[in-house]
Amino acid sequence: MSVSTSTSTAAPKASFKFPFWAQIVTGLVLGVLLGWLARSQDVSWLHTTLEKVGDIFVQLLKLAVAPLVFFAILVSITNLRKVNNAARLATRTLLWFMLTSLIAVSIGLVLGLLTNPGSGTGLTPADGKLPKRQGSWIDFLTGIVPNDVVTPFTELNVLQIVFMAAVAGVAALQLGDKAQPLLSLSQSVLELLQKALWWVIRLAPLGTVGLIGTAIGTYGWDLIGKYATFTADVYIGCALVLFGVYPLLLATVAKVNPLQFFKGAWPAIQLAFVSRSSVGTMPVTQKVTERLGVPKEYASFAVPFGATTKMDGCAAIYPALAAIFIAQIFDVQLGVKDYLLIAFVSVVGSAATAGLTGATVMLTLTLSTLGLPLEGVGLLMAIDPILDMMRTATNVAGQSLVPVLVSAREGILDKTAYATASASPLDEAEVREAERKVAVPATV
């Protein structure tokens, strides 16, 4: 005979819970303190430890990048068949990507012209050196199509991976039901990769300590002094786009509360700031975009597409300011034609950044188009990690913003979901799991 007893379904007593965003902030503060200690006291073992911790975190993110991009793009394209007016949505998404990039590069150019970031730095052309990776329009255009299917994955050429995934996705759409086994497998692999990447993302507070600590321990605050104007320009430019342009578009185009967007998108923005990787942040970006009321089928297309092509920070604001900075160091006069070329490269060539840490390829593409010395890239390499944090945060915010704008304009945005989006997806998942366990009755 079994006796059934039920546990109380009342909520358990509140216990202290350390939110994920607070863990990130704590890691940021701890990283700054440890980095300062390693540099000021010349603690070599601490500097090495911080560097290794940061490197391992970035390597774990990069480990998933190639397969994640391939299967995310493939699945996102095939998911468009579930969306009404798919071609219209895709076109509107691309147009908004380009329009917001044009606004961002314009802000970068104006800031550069007003502040003259290359003046008074004490830097000379002799301080520059050629970058290891370079970009040109020929390389960009011919480099889209890979020579084989393996090399793009081993060399992490994201642009070629996107090309192959797009071809596979379109082919699967053409095949129809015959491709269903492949699509089911792709969906399962994508979910597996996202689950594994979520585990890595949980290590972000620890990765923050290593990455921030290494930047401070290696470069210190004295280096920032030489690049004070340029650094301030990048941060101010990104902040103007992030907290000025984006809210204005949300209020006027989407006609929604801008503050609510930041409440919902903040988990992705803060992770992007730490990880410096749009692709690594992509699972979080997609989740927060869906939580903001964007239909899942559309978000699963727009976010992966944006993570590899939508770079307002790395491909618009930064190269505009960097080109002006380098031109001033090398005493090269830029004219109206050059500024128009910078805008053109930023809008059309942003896929060259491919969502990975750093924007060297995009910068060399801009410099080569303008005929500026590529050695100028070497002047900015030391300060790049500090700049890349704000650039990537701006990138990811834009990747979530555009789907919200398009969805609102097309009348498919869930306004109720948008109005209630607030908690971190990681924290909310844990809360749901805890509630599920409490609600299950016990039988004896």
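Biologist: What makes Asp 388 and Arg 276 count as buried or exposed?

Modeller: Buried means under 20% relative accessible area, exposed means over 50%, and partly exposed is in between (1.4 Å probe, protein chains only). Both Asp 388 and Arg 276 are buried. Keep in mind that this is a predicted model, where local features need pLDDT of at least 70, side-chain atom pairs count only at pLDDT 80 or more, and totals for chains, interfaces and linings use all residues. Residues are numbered from 1 along each chain as its sequence is written, and side-chain values use heavy atoms, with hydrogens and water left out.

Biologist: How do you know that Asp 388 forms a salt bridge with Arg 276?

Modeller: The rule asks for a side-chain nitrogen of Lys or Arg within 4 Å of a carboxyl oxygen of Asp or Glu. Here the closest N and O atoms are 3.2 Å apart, so the pair passes.

Biologist: Which residues are linked with them in a network of salt bridges?

Modeller: That network joins Arg 276, Asp 384, Asp 388 and Arg 391.

Biologist: What is the mean pLDDT of the chain?

Modeller: It's 80, and 81% of the residues reach 70 or more. pLDDT is the predictor's confidence in each residue, from 0 to 100. Over residues 1–15 it stays under 50. Where pLDDT is low, the predicted coordinates should not be read in detail.

Terms used:
Contact means heavy atoms within 4.5 Å.
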